[in-house]
Amino acid sequence: MKKLLALSAGALLLWQASTAQQKLVADKIIGVVGDKIILKSDMDGALADQQHNSPDGILKSDAACKTLEMLISQKVMVLQAERDSLPVSDGDVEAQMENRIRYFESMYGSKEKMKEITGYSIYQLRERFRTPIKEGLLAQAMRNKIIEPVKVTPSEVKRFFDAIPKDSLKFYESEMEIGTLVLQPKATREMDQYAIDRLLDFKKRVLNKESDFGSLALLYSEDPGVKDNKGVYVLNRNDKTTYDPEFVAASFRLKEGEISSPVKTQFGYHLIQMVKRSGDNVTVQHIVLRAAVTKSDLAANIAKLDSIRSGILANKYTFSEAVAKYSDAPSAKFDGGMLQSKTGDGSTLITIDQLDDPSEKDIVMMLDTLKPGQISAPVQFTDENGRTSVRIVYLKTRTQPHRENLTDDYSRIQQRTLDIKRAEAINKWLTEKIPTFYVHVDDEYKNCNRISQWMSSLAKQ
């Protein structure tokens, strides 16, 4: 079950920035490429990112080796890009930095709130981001220069496909591309105040020793995990990527035994009690209530969504244009409303068994009646954070179950062929370029397969 307070992985970079000073205390250099160093914290951050995005949260046994190989490769590309004077301007860096700052500012609500939670001003964040952003752009520019000439012909695609043993060909279940446009009805001020007043009453009852905080949490909290943990969470000061930042900030402002006033987050209104503080860790217990959405609020949103649907069907705008203009889903800006495959490859092709979240059950029921290109009528549902919302569902495409073949899956096979050829080009380039730079690797990683090959080629120079 997903944590009530979980945030998206998009905040990971800010977590890395906000914990950088802490890491440097026990940090060490594990690699040097030219005049650029690779810190143990660089690897730890990359591994944490991989683990966070892994479907099962488990890293492969060679993850550390692969990650250091990637970091070395990036440094070599940066150095060669500087040698070749590839066009990455200060304007490009500033534009990327502003996009990132705006993203975090929107996530936290304001510059002031972002500084309060992260401990860094806008100026400090810019200074912290500038070098990694510039190096990332330089490495990407160099990579693009290497792979741009690489093409594949139809005969190469066929040769690649023909080399796959017939009993190893992939079998594809029926796959679909599904889009959703979500509206989240807003509670009225009266409903907001009602939730606040209930929490204030709970606080009064606890302070007057009329009720126990944990008992009230079990009886009234809308946290789906309350039955398992009675609303108790252990937080770390740097948990801003795991929990809602408002919740974390409010928790750390409390003294031991103190109960907060109602705190608003994206999940509702919280009453937080500080149970125990130990260094950078605190144990808190909370009760969360969501302001109720009235039937008239729901009806108004359904009517609005029906009008949007009519506009799409009348070709006033496309589904993706409607999502960009109207959707309240936080991810809509990044995925265009299209559900993402849970294989982690960024694909929008999904199988029906991937629709396993409780909030997606009604989508499964619709698939029997929706045909490719059709859009459902507005339906009410409860999203993954427990909020009452409404949406329309767009079935863009649907394939039939089949064994991989050149007719139905040419673009996939072509992309795999191209990816292999590009990887070969990059590996060849690295093998040629790495000996032209000073490279030192910590003894712990010298037996990594590719690093071992690179160090051997250096030794021959």
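Me: Two strands pair if DSSP finds at least two bridges between them. What makes S9 and S10 edge strands?

Reply: Strands are DSSP runs of E at least two residues long, helices are runs of H or I with at least four, and both are numbered from the N terminus. Four strands form an open sheet in the order S9-S4-S11-S10, with antiparallel pairing. Strand S9 (350–351) and strand S10 (379–382) are its edge strands, since each pairs on one side only.

Me: What kind of model is this, and how are residues numbered?

Reply: This is a predicted model, in which local features need pLDDT of at least 70 and side-chain atom pairs count only at pLDDT 80 or more, while totals for chains, interfaces and linings use all residues. Residues are numbered from 1 along each chain as its sequence is written, and side-chain values use heavy atoms, with hydrogens and water left out.

Me: How do you know that S4 and S9 pair?

Reply: Strand S4 (residues 175–183) and S9 are joined by two bridges in the antiparallel sense, and at least two are needed, so they count as a pair. Glu175 has Thr351 in S9 as its bridge partner. Strands of a sheet pair through backbone hydrogen bonds, either parallel or antiparallel.

Me: Which strands are joined to S8 by bridges?

Reply: Strand S5 (residues 232–236) is joined to S8 by five bridges, and the two run antiparallel. In that pair, Asn236 stands opposite Asn281. Strand S7 (residues 268–278) is also antiparallel to S8, with nine bridges, and there Arg277 stands opposite Val282. S7 and S8 make a hairpin with two residues between them, and Gly279 in the turn has a positive phi of about 65 degrees.

Me: Why is strand S8 called largely enclosed?

Reply: Buried means under 20% relative accessible area, exposed means over 50%, and partly exposed is in between (1.4 Å probe, protein chains only). Eight of the nine residues of S8 (residues 281–289) are buried, so the strand is largely enclosed by the rest of the structure. For the protein as a whole, 43% of the 461 residues count as buried.

Me: What makes the link of Cys65 and Cys448 a disulfide?

Reply: A disulfide is a pair of cysteine sulfur atoms within 2.5 Å. The S to S distance between Cys65 and Cys448 is 2.0 Å, so the pair meets the rule. By this rule the count is one disulfide.

Me: How do you know that Cys65 and Cys448 link distant parts of the chain?

Reply: Cys65 is in helix H4 (residues 63–83), Cys448 is in the loop between strand S13 (439–441) and helix H18 (449–459), and they are 383 residues apart.

Me: Why is Ser73 called buried, and which residues does Ser73 touch?

Reply: Ser73 is found in helix H4. Its relative accessibility is 12%, which is under 20%, so Ser73 counts as buried. Contact means heavy atoms within 4.5 Å. Leaving out residues up to four places away in sequence, Ser73 touches Leu430 and Trp454.

Me: Which residues of H13 and H14 meet?

Reply: Lys304, Ile308 and Ile312 in H13 meet Phe319, Ala322 and Tyr326 in H14.

Me: Why is Lys209 called exposed, and what is Lys230 called?

Reply: Lys209 has a relative accessible area of 75%, which is over 50%, so Lys209 is exposed. Lys230 has 45%, which lies between 20% and 50%, so Lys230 is partly exposed.
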